[in-house]
There are 2 protein chains.
Amino acid sequence: MKGRFITLEGGEGAGKSTMLERVAGWIEQSGAKVIKTREPGGTELAEKLREILLDRNNISLSGKSELLLMFAARAQHLDDLIRPALDRGDWVVCDRFTDATWAYQGGGRGLPSADIRALETLVHGDLKPDLTLLLDLPVEQGLRRAHRRGQADRFEQETKKFFERVRKSYLERAVQFPGRFAVIDASLAVEDVWIQIQRALQDRLGQ
Amino acid sequence: MKGRFITLEGGEGAGKSTMLERVAGWIEQSGAKVIKTREPGGTELAEKLREILLDRNNISLSGKSELLLMFAARAQHLDDLIRPALDRGDWVVCDRFTDATWAYQGGGRGLPSADIRALETLVHGDLKPDLTLLLDLPVEQGLRRAHRRGQADRFEQETKKFFERVRKSYLERAVQFPGRFAVIDASLAVEDVWIQIQRALQDRLGQ
């Protein structure tokens, strides 16, 4: 049996890291093996690209170059880790995937949809997550939470307007792909977010 | 007036570096300003990607990821250096460009033409070199010269068959784009190679 591919998406301070651990635990309880990973990154080489992508000093990185780097890291991640894991029957839980590219590079930076679509097709063709948990919350609340974590990376330094566009793109994708997306109200307390996620896991993936 | 864009192409040990200096000198004598650059690389950020691409230890780098990285570096190089220089009226002489991607990733690695074409369109649309000097020589002769330079990078470690495919792809492109390509016999002595290149410069670009 092929494993399932679950992605967590959302803006800054949405609580993805905490929920990723819980989702992984939920899957392990069902007896399946689970791989926890993240984008950009997930493999040694893709993590090197992550460093370049998030480095606050790389202010000259152009939108198109950023987009290509994201997909270069993704191609490596898919080949080295995600596809082999799914083929073995393991589950994969990933912090961000191509929906983040649509939200950040598409919505946030305004890069053309045609470019993103071309790269999506080139890099992963028909492979899509089985379930995407979108942790949605108001931008200001998310940024307040994120700022508490300390120094901002290259993306976290963007303006509030940028993150409003990111949020809007995420929500539009959830409307576009209702069978794959579950929108979670991430403005609530941790336990209330987790209740919603468990419900989504059971409804969408439960036997 | 827009500047002219000249690229030097060819396999290992073809003598591109030496000839690049001479071509730049020839242009300067005509009174134009000239920018010397190379791919992958040419800007601070693209040089970081060059390091990843040429690092002999990155043996896991997949073909698709390599292709995307090449174009990510190229997008940055075009935005930060090549297009601004040409717009100012400067000339640009570049050691390798997209023809190298067709030869190495297309011919050498066998990556699909459709993928390369999609990325070429995405990254530089209609921008093409005004003149491409293809320094052609038998693979064995080139590799003998290259080996004298010392330790091989990730590409130089490939097999002789790989380089035969690279050479064949280069020559096919020269046939496909005769108006842009000048094929130079690089198996000859330096001065004889230079005579051919000067003739090509005069014929194709001279007033």
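Reader: How many residues of chain B are in contact with chain A?
Author: In this predicted model, 23 residues of chain B are in contact with 23 residues of chain A.

Reader: And how much area do the two chains bury between them?
Author: About 2,100 Å². Carbon and sulfur atoms account for 66% of it.

Reader: Which three residues of chain B supply more of its buried area than any other three?
Author: B:L45, B:L68 and B:L122. They supply 29% of the area that chain B buries against chain A.

Reader: How many salt bridges across that interface?
Author: The rule finds zero. For polar contact, it finds ten residue pairs across the interface.

Reader: Which helices of chain B supply at least two residues each to the side touching chain A?
Author: α2, α3 and α5 (113–124) of chain B. α3(B) gives the most, with ten residues.

Reader: How do the residues on that side of chain B divide into nonpolar, polar and charged?
Author: Twelve are nonpolar, five polar and six charged.

Reader: New topic. Which residues are buried in helix α2 of chain A?
Author: That helix spans residues 44–54. A:L45, A:A46, A:L49, A:R50, A:I52, A:L53 and A:L54 are buried there.

Reader: What covers the buried residues of α2(A)?
Author: Parts of both chains. From chain A, the cover includes β2 (34–38) and α3 (63–88). From chain B, it includes α2 (44–54) and α3 (63–88).

Reader: Why do residues three or four places apart in an α-helix point the same way?
Author: Because an α-helix has 3.6 residues a turn.

Technical notes:
Residues are numbered from 1 along each chain as its sequence is written. Chains are lettered from A and ligands numbered from 1 in the order in which they are written. This is a predicted model: local features need pLDDT of at least 70, side-chain atom pairs count only at pLDDT 80 or more; totals for chains, interfaces and linings use all residues. Side-chain values use heavy atoms; hydrogens and water are left out. Buried means under 20% relative accessible area, exposed over 50%, partly exposed in between (1.4 Å probe, protein chains only). Helices (H or I, at least four residues) and strands (E, at least two) are DSSP runs, numbered from the N terminus. Contact means heavy atoms within 4.5 Å. Buried area is the accessible area (1.4 Å probe) that two parts lose on being put together, summed over both. A salt bridge is a side-chain nitrogen of Lys or Arg within 4 Å of a carboxyl oxygen of Asp or Glu. A polar contact is a pair of N or O atoms within 3.5 Å; within protein, one must be able to donate a hydrogen and the other to accept it, and residues adjacent in sequence count only if both atoms are side-chain atoms. Ala, Val, Leu, Ile, Met, Phe, Trp, Tyr, Cys and Pro count as nonpolar, Asp, Glu, Lys and Arg as charged, and the others, Gly among them, as polar.
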